[in-house]
Amino acid sequence: MKQMTYAEAIRDGMRVEMQRDPNVYLAGEDVAQFGGCFGVTGTLYDEFGPQRVLNTPISEAVIVGHAVGAAAAGLRPIAEIMFVDFMGCCMDELFNQAAKMRYMFGGKAKVPMVVRTPCGAGMGAAAQHSQCMESWFTHIPGIKTVMPSTPADAKGLMAAAIRDDNPVVYIEHKQLLGVSGDVPEGEYVVPLGKADIKREGSDITIVAWSWMMQKALAAAEQLAAKGINAEVIDPRTLIPLDKDEILKSVSKTGKLLIVHEEVKTSGFAGEIAAIVADEGFDYLDAPIKRVTAPDTPIPFSPVLETAYLPSEEKIIKAVEEMF
Amino acid sequence: MASVGIIANPASGKDIRRLVAYGICFDNLEKVNIVKRCLLALAVTGVDRVVYMPDYYGIVPRAVEGLAKAHHLSLDIVEADMEMTGTQIDSAQAALAMNQAGIGCIITLGGDGTNRMVAKNCGDVPLLPISTGTNNVFPQMVEGTIAGLAAGAVACGLADFPAVHRTKKIVVLKNGKPVDMALIDAVVLKDIFIGSRAIWDEERIRKVVVTRGEPDNIGISSIAGNLHPIGITESKGMAIDLGPGNISLMAPLAPGLIRPIQVAAYKILEIGEEINGEKGPLVIALDGEREVEVGEGEEVSFQLTFEGPRVADPRLVLRQAVAKGYSQGEQAMKKLHRLKEEN
Amino acid sequence: MDLKKEQLLDIYKKMCTIRAFESKIVEIFAAGKIPGFVHLYLGEEAVATGVCANLETKDFIASTHRGHGHLIAKGGDLKSMMAEVFGRTTGYCKGKGGSMHIADVDLGILGANGIVGAGMPIATGAAFACKYKNNGAVAVAFFGDGASDRATFHEALNLASTWKLPVVFLCENNGWAISNSQKTHQNITDISDRASGYGIPGVSVDGNDVIAVYEAAGAAIERARKGDGPTLVECKTWRHRGHFEGDPGAYKDPKDQEEWLKKDPIPRLEKNLLKLNYAVQADLDKIKADTEADIEEAVKFAESSPLPDPQELFTDVYAD
Ligand SMILES: Cc1ncc(C[n+]2csc(CCOP(=O)(O)OP(=O)(O)O)c2C)c(N)n1
Ligand SMILES: [Mg+2]
């Protein structure tokens with residue numbers, strides 16, 4: 001075990017896999033000498049050289065598009081899109097090309113690629129640099145969506161994403177990049193589709209991921225002081241989703257709250273709620289609740305941004321209303 | 001050892017005359033192509049060394065890279081010993097370095113403006129100017145292969161007068177001190193700024209001084225050409241005052257831009273003669289580009305001399321060279337055969 | 001070229017205003033008074049100013065992440081701008097947009113933009129509307145060298161040239177896309193070379209010479225107004241600061257930085273103004289002092305303006 005930040009853990013995940021497999025390479029805007037806009041790629045350029053760590057022009061369509069071609073031709077690209085907000089500039093490459101190639105070709109192709117991209121609000125970056133949009137990706141069959149919440153998960157899921165033979169969108173949260181934690185050294189894989197119980201409890205199940213998982217945990221501690229013992233589950237990957245773990249927990253607690261940072265309407269919480277309503281209706285003794293961002297773009301002014309973001313208080317309030 | 005210099009200006013052919021007139025768009029890829037043709041031609045001549053001006057686009061290195069796979073050029077191709085600034089000064093610096101290195105002929109790719117900068121420092125080294133600029137009189141429309149063959153002949157000492165001949169120039173003096181020069185024309189403008197450099201508007205022209213002018217010239221010297229043509233080798237020049245007067249004529253001032261010109265007076269200049277008395281504030285354009293700002297209280301004058309650069313005329317050069325067996329016989333064939341084998 | 005004394009002094013004042021605005025932002029950002037990202041226009045003042053001096057209120061511009069200069073040059077109100085940067089209700093966007101999204105549609109400013117390269121299609125559309133309405137207006141899309149690598153650049157130039165729209169594509173080539181020098185992000189040096197691929201004229205000018213920019217942009221805008229279609233104008237310039245405040249710009253060669261500082265557009269214009277006797281040093285000092293005072297006032301206005309009510313979060317999502 002070693003103390004690392006979330007950003008260092010992502011980098012270590014890439015490093016170990018790049019050492020393991022010469023077909024893994026990394027391409028994106030300012031990822032080389034500069035070390036990435038948020039410093040995530042750091043020293044990888046110095047370690048692996050210009051053949052395997054490549055700066056690209058500001059050309060999102062071809063950053064993702066070339067990864068599709070390179071993956072189909074036998075490499076394992078990691079493509080970085082500087083902010084998840086810019087995914088709009090390369091959606092066709094992702095959702096019509098990467099996602100569907102295998103299916104359309106009758107299973108005869110595989111597209112083992114990772115698109116790494118940071119998400120999240122909280123830094124006054126306004127409407128086009130702050131979004132969480134995971135349900136854009138979960139809505140497309142053929143793509144896997146990964147959203148780690150801790151340094152250890154960040155590393156292990158990165159390894160799994162790289163080794164996976166499908167296109168994986170790996171979303172890192174900007175607010176988590178500097179968060180430290182214990183991370184296993186060397187090869188370390190967290191399988192995709194395996195949820196993690198981040199806090200055991202018996203009174204209510206809170207499902208949350210990425211930055212919101214940290215908020216849910218903090219809220220759970222405060223709730224414990226008030227006599228409510230919450231179980232906090234981090235699905236870690238939305239596609240594939242470990243619904244069994246969620247159902248198991250709900251069967252124990254009888255209550256479900258889902259927290260996410262993306263907007264409410266068509267957000268992934270709706271999907272989880274539908275699954276539990278469908279397959280775990282009998283376990284429930286209260287309506288399923290959601291704490292999410294409202295259906296608005298993200299405002300600039302910090303007062304408004306604070307009002308926009310789900311928070312510990314909002315989670316606590318929602319939980320209390322369920323009792 | 002015979003050597004040739006290449007000064008290719010990446011900035012030529014992109015100025016505002018593409019908007020205010022119909023100037024040719026000359027992209028840098030085409031300049032690379034021209035240099036490729038020059039190099040392939042030089043490789044079959046007796047030239048063994050090519051010195052080039054470094055530039056921000058890398059015209060010559062790109063040409064070399066483009067040829068490397070398919071051709072084995074038996075040429076030593078090296079960068080001129082100079083510091084690149086990315087401005088027009090580079091052309092003058094390169095010419096100086098080539099002059100000092102004992103180069104036999106300099107091929108230039110650019111317009112009148114580029115050649116003007118080269119002429120400042122090339123000394124007696126003959127120029128073989130290929131036109132890539134907009135309104136050019138000094139450089140010629142010559143195919144790159146032919147330019148390469150001709151430059152090779154000059155560098156190998158196979159050409160002399162009149163194929164290689166001296167040209168005239170205009171020395172610009174500010175308060176009596178030489179500050180700049182022009183190869184073809186110096187123009188006094190009512191402007192006060194250099195701005196986007198190019199000139200195209202006849203209403204701003206006060207006075208024109210030319211070393212030559214033909215009716216088939218494009219640019220300011222065409223005014224002289226349509227008034228009283230003066231050839232490249234004639235020992236005279238002309239000064240023209242624009243303004244209301246008895247003579248009106250038409251002149252192609254820029255590509256596609258044929259304008260009416262009112263001539264107030266004109267005067268044939270003898271070699272050595274000086275035109276004085278233009279007082280600032282004004283701007284002087286040299287060879288088609290606004291270059292010198294003259295402030296209030298300053299005075300400029302112009303002097304015609306026959307001390308411009310030596311220039312090679314490709315057709316005459318090749319005729320002389322052919323007469324000396326340049327393209328026939330064992331020597332020429334040996335080189336071609338060797339190249340063929342190497343490839 | 002027909003710049004009269006008053007116009008030139010106006011241009012000077014605009015450039016000084018941009019400089020004062022941006023210099024102030026350096027200060028207040030460092031003091032932690034404003035959140036988010038700010039990308040400053042210091043060093044590039046001649047471009048926006050030279051271009052917008054050719055525009056009328058009815059004309060449109062689409063700006064970039066580095067937008068403060070464009071806004072000021074097109075007539076943006078300093079107080080509303082500053083208040084927006086501070087996230088106050090009195091800001092241009094009621095504090096919802098911030099530095100990267102300041103806009104004034106009434107002045108034809110279709111917004112700064114957080115998405116690199118997004119302005120070109122939008123300006124193309126504004127130009128389509130001008131042509132459709134036949135109102136003699138034009139649109140200018142500002143964008144960087146980095147943005148010329150986006151698909152939007154190519155699609156916009158292709159459509160605009162095919163439809164002969166009254167739009168000018170105004171490239172601010174400052175040699176950098178964040179940490180990537182132009183050499184490392186494209187295989188050409190003169191972005192104007194790309195024009196020929198779309199059958200339109202392309203020109204390159206010294207973007208640190210406001211008069212050169214004024215002339216070239218003026219000719220392009222005139223072409224657009226006359227119905228001759230789009231033009232690509234490349235202004236070569238340099239940003240004095242890092243990509244955004246907080247980026248030390250370690251990737252820049254200090255020698256290059258030094259060379260470009262010598263080409264600073266403001267002293268260059270000053271020299272001209274003095275030489276022409278359009279002003280004496282005291283006049284210039286006064287203009288500078290005035291612009292700095294304007295900015296101080298804008299800051300005061302911003303700081304004393306109210307923060308938005310949290311309920312504002314829910315308004316303006318849809319038009320009613
Ligand atoms: C589509 C998109 N990709 C990437 C970015 C991140 N980004 C912001 S500014 C910038 C560099 C822009 O370079 P350039 O267009 O030359 O403008 P400059 O910053 O030099 O003014 C990048 C990559 C973005 N905002 N939008
Ligand atoms: Mg740039």
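How much area is buried between domain 1 of chain A and domain 2 of chain A, and what percentage of it do carbon and sulfur atoms give? In this predicted model, the area buried between the two domains is about 2100 Å², and carbon and sulfur atoms give 58% of it.

**Domain 1 and domain 2 of chain A**

- Chain A is divided into domain 1, covering 2–183, and domain 2, covering 196–321, and the contact takes 29 residues from domain 1 and 24 residues from domain 2.
- The centres of these domains, taken over C-alpha atoms, are separated by 26 Å.
- Between the domains there are 16 residue pairs in polar contact and 2 salt bridges, and the side chains of A:Asp153 and A:Lys198 meet in a salt bridge at 2.6 Å, N to O.
- On the side of domain 1 that touches domain 2, the elements giving two or more residues are helix H6 (134–138), strand E6 (144–146) and helix H7 (151–163) of chain A, and by class this side has 14 nonpolar, 12 polar and 3 charged residues.

**Chain C and chain B**

- The contact takes 31 residues from chain C and 23 residues from chain B.
- Across this interface there are 6 residue pairs in polar contact and 2 salt bridges, while B:Arg290 and C:Glu215 meet through their side chains in a salt bridge at 2.8 Å, N to O.
- Elements that each supply at least two residues of the side of chain C that touches chain B include strand E6 (202–206) and helix H10 (265–275) of chain C, but H8(C) gives the most, with 7 residues.
- By class, that side of chain C has 13 nonpolar, 9 polar and 9 charged residues.

Notes: Residues are numbered from 1 along each chain as its sequence is written. Chains are lettered from A and ligands numbered from 1 in the order in which they are written. This is a predicted model: local features need pLDDT of at least 70, side-chain atom pairs count only at pLDDT 80 or more; totals for chains, interfaces and linings use all residues. Side-chain values use heavy atoms; hydrogens and water are left out. Domain bounds come from an automatic or database domain assignment. Contact means heavy atoms within 4.5 Å. Buried area is the accessible area (1.4 Å probe) that two parts lose on being put together, summed over both. A salt bridge is a side-chain nitrogen of Lys or Arg within 4 Å of a carboxyl oxygen of Asp or Glu. A polar contact is a pair of N or O atoms within 3.5 Å; within protein, one must be able to donate a hydrogen and the other to accept it, and residues adjacent in sequence count only if both atoms are side-chain atoms. Helices (H or I, at least four residues) and strands (E, at least two) are DSSP runs, numbered from the N terminus. Ala, Val, Leu, Ile, Met, Phe, Trp, Tyr, Cys and Pro count as nonpolar, Asp, Glu, Lys and Arg as charged, and the others, Gly among them, as polar.
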